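Q: I have a structure open and want to go through some of its side chains. Can we start with the terms and then look at particular residues?

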Amino acid sequence: MVLPMPPTATGTEAPSRGKVRTDPGSLVSGLAAKLNELEEAVAKQNDRFSAIIEIGTRISGAQNTDALLKTVMERLTELLSAQAGSLFMYDEKREELWSRVLMSDVLKEIRIPAKSGIAGHVFTSGKTLHLGDAYGDARFNPSVDKQSGFRTRSVIAAPLVHVGGRILGVLEVLDGRVDAFSVDDRKLVEGVAGQIAAVLDNVFLLEELQARNEALKTATTELAERVHDLDVLYDVEKAISSSDAQTDLMERILVKAIEVVQARAGSILLAEEDGDSLFFRSAKGEKSDALKSMRVKSGQGIAGHVASTGDIVRVEAADDCEQYDKTIAKRLGLPVGSVLCVPVHAEGRTLGALELLNKKGGFSEGDERLAVLLAGQIGRALLVRQSREEFERKARLASIGQMISGVMHDLRTPLTVISGYAELMGTEDDAEMRLRMAKAIASQLDHIAAMQKETLAFAKGERSVLIRKVYLQDFIKELTEHLGKEFEGSTVELKVVDGYTGAARFDESKLRRAIFNLARNAMEAMPEGGRFVLAFEKEGEELLIRAQDNGPGIPEEIAGRLFQSFVTAGKKNGTGLGLAIVKKIVDEHKGSVSVKTKAGKGTTFEIKLPLP
């Protein structure tokens, strides 16, 4: 169906019916402008999309976190034409937000309570906040503006939300213009914040691993130092254990101290007994020999101060220390630079000081720690030595007492003989008999004098025998007579068997003493009575002297130590010297002595001496 066209007047223009004609040129110009705006918008969106990809790429490859985050913030503020920006991280220990990245030329760092201001609100709520004029919002805190001089208007603050939901911090961009940011700007900030949050945990893990690695390196270094310290102390401990001379020990420790801290000189000063001064126990380095003859008054100089107060002094230049006394240095012509001086302690007392001098570059804390350890070893060594000397002194006194007791014990036999002959001389009328008795007394006095010399020689460890030819017939006769006096009044029966009466070579006085010791031991072992047999025999090229008793035998606990000094058991006044002297006398004659014993059956000693 075709509708008829309306009639028109010929040659006349149809009426416009109220419509305005548009100029085609204007329409084209407007359309072109719209196309340009659209192209700019698309380009802007493409730039932002590219920027997000760029930022994401940089974040994903993060190694230097702070430098990267600063770069990201710079790129973000550039894209948004923002005038300022901050990346806040949460400090859990202090419960604060702190500006890990701060785009400001005025402030170095911002710290705010985790619930304060715009950033605090975003951190606690976990939601982005977009403000066109911050001063119109009650949550805004203008204190930072007052510090920086910047007046904040537009704000976009987005939370850094981890995939697990934990809020790590806040990303904030600022501008001084009202409504400076668009909705697209907000989306861009949220996108960048999401990317940062997605990888921050990995970055934190990397930082933690790096921190632990550094801590491990530090611990390894410290462990190496401790091992070195232990090695030094081990060397010193060996020196303490092996050194007999205290001066030698002090020098060993001092040499070690100088070596390990790389000092050029050092000394150990100890307090005199009166406590009024210090003396140089040991010194090493320049002018050290001259130092050993000097004394330092208590409290004088650095060492005197340390020894009197117990303080530690460590200075790079001695002249800078108020306790430094230049007197000694001037007298010796010794230049003093760096000084490390520590007290020597032992059992709560300060015994002196360890002083180390002139290390190039000065002494370190490690040097000080090691010096303190070595000073402690010096103090312990001094105590060990003092204890050892005290023990040795007491032992010597005890030995002297025991020796005197032994001598007094051995004197009983000659004194008994002398006493007996003296009594007989008082009633004897026969002059010849009195002369014989007088000679016997004189012989016993000579024996006492010889015994005295022998005892001193034994105490000193000397070997002194007068070996000569002896006719056993005379020796046994005299010995039997003297032993008879010893056994008088005793319940022990004495029997002497002269199986060999030929010649022999020995020291009469000493061998007589050895035999008397054996006879006396046997008599004292049988207080209820018994029998003692002394026999002289020839066995090959040796003289055999057998001393046998039928007593209780020797206790097992001392059977293997009979010939050691001071070994005794079961004898009320025993000194333990008798058999030791027997052994020494036999050894001096290059002979041998042995013992056989059985409980309840008795004991037999056999002495063998070489015959001429």
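A: One term first: a residue counts as buried when its relative accessible area is under 20%, as exposed when it is over 50%, and as partly exposed in between. Keep in mind that this is a predicted model.

Q: Ok. Is Asp 175 buried or exposed, then?

A: Asp 175 is buried, because its relative accessible area is 0%.

Q: Which residue does the side chain of Asp 175 meet in a salt bridge?

A: Arg 177. The side chains of Asp 175 and Arg 177 form a salt bridge with an N to O distance of 2.8 Å. Arg 177 is partly exposed, at 43% relative accessibility.

Q: Why can side chains pair up like that at all?

A: Side chains of opposite charge can pair when their charged atoms come close.

Q: How many salt bridges does the structure hold?

A: It holds 23 salt bridges. One of them is between Lys 485 and Glu 488, where the closest N and O atoms are 4.0 Å apart.

Q: And those two, buried or exposed?

A: Lys 485 is buried, with a relative accessible area of 18%. Glu 488 is exposed, with 56%.

Q: What about Glu 588, which residue does its side chain meet in a salt bridge?

A: Lys 510, with 3.1 Å from N to O. Glu 588 is in helix H15 (residues 578-588) and Lys 510 is in helix H13 (residues 508-525), so this pair ties together parts that are 78 residues apart in sequence.

Q: Are Glu 588 and Lys 510 buried or exposed?

A: Glu 588 is buried, at a relative accessible area of 7%. Lys 510 is buried too, at 4%.

Q: Which residues are linked in a network of salt bridges?

A: Asp 91, Arg 94, Glu 96, Glu 109 and Arg 111 are linked in such a network.

Q: New topic. Where is Thr 603?

A: Thr 603 sits in strand S19, which covers residues 602-610. Thr 603 counts as buried, because its relative accessibility is 4%.

Q: Which side chain does Thr 603 have a polar contact with?

A: The side chain of Thr 597, in a polar contact of 3.0 Å.

Q: What else is Thr 603 in contact with, leaving aside neighbours within four places in sequence?

A: Besides Thr 597, the contacts of Thr 603 include Ala 547, Gln 548 and Asp 549. Gly 553, Ile 554, Val 595 and Lys 596 are also among them.

Notes: Residues are numbered from 1 along each chain as its sequence is written. This is a predicted model: local features need pLDDT of at least 70, side-chain atom pairs count only at pLDDT 80 or more; totals for chains, interfaces and linings use all residues. Side-chain values use heavy atoms; hydrogens and water are left out. Buried means under 20% relative accessible area, exposed over 50%, partly exposed in between (1.4 Å probe, protein chains only). Helices (H or I, at least four residues) and strands (E, at least two) are DSSP runs, numbered from the N terminus. A polar contact is a pair of N or O atoms within 3.5 Å; within protein, one must be able to donate a hydrogen and the other to accept it, and residues adjacent in sequence count only if both atoms are side-chain atoms. Contact means heavy atoms within 4.5 Å.
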